[in-house]
Amino acid sequence: MSHKLLQNKKGIIFGALDANSIAWKVAERAYQEGAQLVLSNAPVALRMGSIHQLGEACQAPVIAADATNADDLKNLVEKSMEHFGGTFDFVLHSIGMSPNVRKKRDYTDLNYTFYSQTIDVSALSLHKILQTCYHLDALNEWGSVVALSYIAAQRTFPGYNDMADAKATLESIARSFGYHYGVKKKVRINTISQSPTATTAGTGIKGFDDFFGYAEKMSPLGNASSEACADYCISLFSDLSRMVTMQNLYHDGGFSAMGLSPLLLDN
Ligand SMILES: NC(=O)c1ccc[n+]([C@@H]2O[C@H](COP(=O)([O-])OP(=O)(O)OC[C@H]3O[C@@H](n4cnc5c(N)ncnc54)[C@H](O)[C@@H]3O)[C@@H](O)[C@H]2O)c1
């Protein structure tokens, strides 16, 4: 059901790879709520994934950008402003990748070139996107930027590996840039700490099925789906959450507030 919460709003959505991607669901919901969109992903994802189908469904151009590359990001933001006919209102950062996770390197045996790539792709890319928008003055007053995080930023989930360090950095960037962009333009910047979700990035984590099941039992409401995450993103892009900024917002069915669940003790 549409409430037209994003009527007259325009935004860039990073990270839709396939129909399981959280960004895919956010794009569908944003379009349904009346937003005009530009979709972006890394060049390789444009070749391998099905993002062009989403672009057609949402009447959105798809513009390639490696989110670690400042020139790509400048080109993307400039082209988006041409497309929108001016500045825009929201950005979704839904980007994560760890070569150490992919190559099954343990946290006690990390490859440091990979480690730098993890941090660059999964965290510094948020800073690069924000800095590009800031310098081009691309975002409207009361604009909203949301990045997706995970509770391994605060608590230890050994299988999450170096992604935990990336998420801690990501959340810190949201707070630090949230100050500067808030003062300059009243732009708000938040992270959503999402439940485990069965996507390409999610299922690549060692032991995903186990911690998906564990979180499902630990959370009074169960794990939050990607569709529910999309709804939450829409509320943060909308004018209904204008005074929320620099926060890490748990979207996890209550997982983060739990200490012990009888459901887990029974097994
Ligand atoms: N799936 C989960 O369990 C879960 C839980 C909490 C948070 N998250 C976060 O949600 C976000 C989206 O992940 P997802 O679960 O939808 O998986 P996904 O694999 O569908 O999305 C990850 C995206 O990152 C993109 N990407 C990788 N390198 C890039 C680069 N250099 N430039 C631009 N884009 C690049 C990929 O192409 C892909 O589209 C990630 O930040 C992830 O860490 C996921």
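How many helices and strands does the secondary structure of this protein chain come to? The count is 11 helices and 7 strands, where helices (H or I, at least four residues) and strands (E, at least two) are DSSP runs numbered from the N terminus. This is a predicted model, in which local features need pLDDT of at least 70, side-chain atom pairs count only at pLDDT 80 or more, and totals for chains, interfaces and linings use all residues. Residues are numbered from 1 along each chain as its sequence is written.

**Overall size**

- The C-alpha atoms of the protein chain fill a box of roughly 55 × 40 × 40 Å, taken along the principal axes.
- A compact globule of 267 residues would have a radius of gyration near 18 Å, and the 18 Å of this chain agrees with that. The radius is taken over C-alpha atoms, and the globule rule is 2.2 Å times the number of residues to the power 0.38.

- The 7 strands of an open sheet come in the order 3-2-1-4-5-6-7, with parallel pairing; two strands pair if DSSP finds at least two bridges between them.
- Strand 3 (62-64) and strand 7 (248-251) stand at the edges with a single partner strand each, so one side of each has no neighbour in the sheet.
- On average, neighbouring strands of this sheet are turned by 20° against each other, direction ignored. Axes here are lines fitted to C-alpha atoms, for helices over the stretch in contact, and angles run from 0 to 180 degrees between N-to-C directions.
- Strand 1 (residues 10-14) and strand 2 (residues 36-41) run parallel and are joined by 5 bridges. Lys-10 has Gln-36 in strand 2 as its bridge partner.

**Helices across the sheet**

- Helix 1 (residues 22-32) lies across strands including strand 1 and strand 2, and runs at about 165° to strand 1.
- Helix 10 (residues 226-237) lies across strand 1, strand 4, strand 5, strand 6 and strand 7, at about 165° to strand 6.

**How helices pack**

- Two packed helices are described by the angle between their axes and the distance between the axes.
- The axes of helix 1 and helix 10 come within 8 Å and cross at roughly 55°. That makes helix 1 oblique to helix 10: angles under 35 degrees count as roughly parallel, over 145 as roughly antiparallel, 65 to 115 as roughly perpendicular and the rest as oblique.
- Helix 1 and helix 10 have a right-handed crossing. A crossing is right-handed if the near helix is turned clockwise from the far one by less than a right angle, and left-handed if anticlockwise.
- Among the residues making this contact are Ile-22 and Val-26 of helix 1 and Cys-229 and Phe-237 of helix 10; residues are in contact if their C-beta atoms, placed from the backbone, lie within 7 Å.
- By class, the contact of helix 1 with helix 10 has 8 nonpolar, 1 polar and 4 charged residues. Ala, Val, Leu, Ile, Met, Phe, Trp, Tyr, Cys and Pro count as nonpolar, Asp, Glu, Lys and Arg as charged, and the others, Gly among them, as polar.
- Helix 6 (residues 112-135) and helix 7 (residues 163-185) have axes that come within 7 Å and cross at roughly 15°, which makes helix 6 roughly parallel to helix 7.
- The contact of helix 6 with helix 7 divides into 12 nonpolar, 4 polar and 1 charged residues.
- Helix 4 (residues 70-84) packs against helix 6 at an angle of about 50°, with axes 10 Å apart, which makes helix 4 oblique to helix 6.

Terms used
Contact = placed C-beta atoms within 7 Å.
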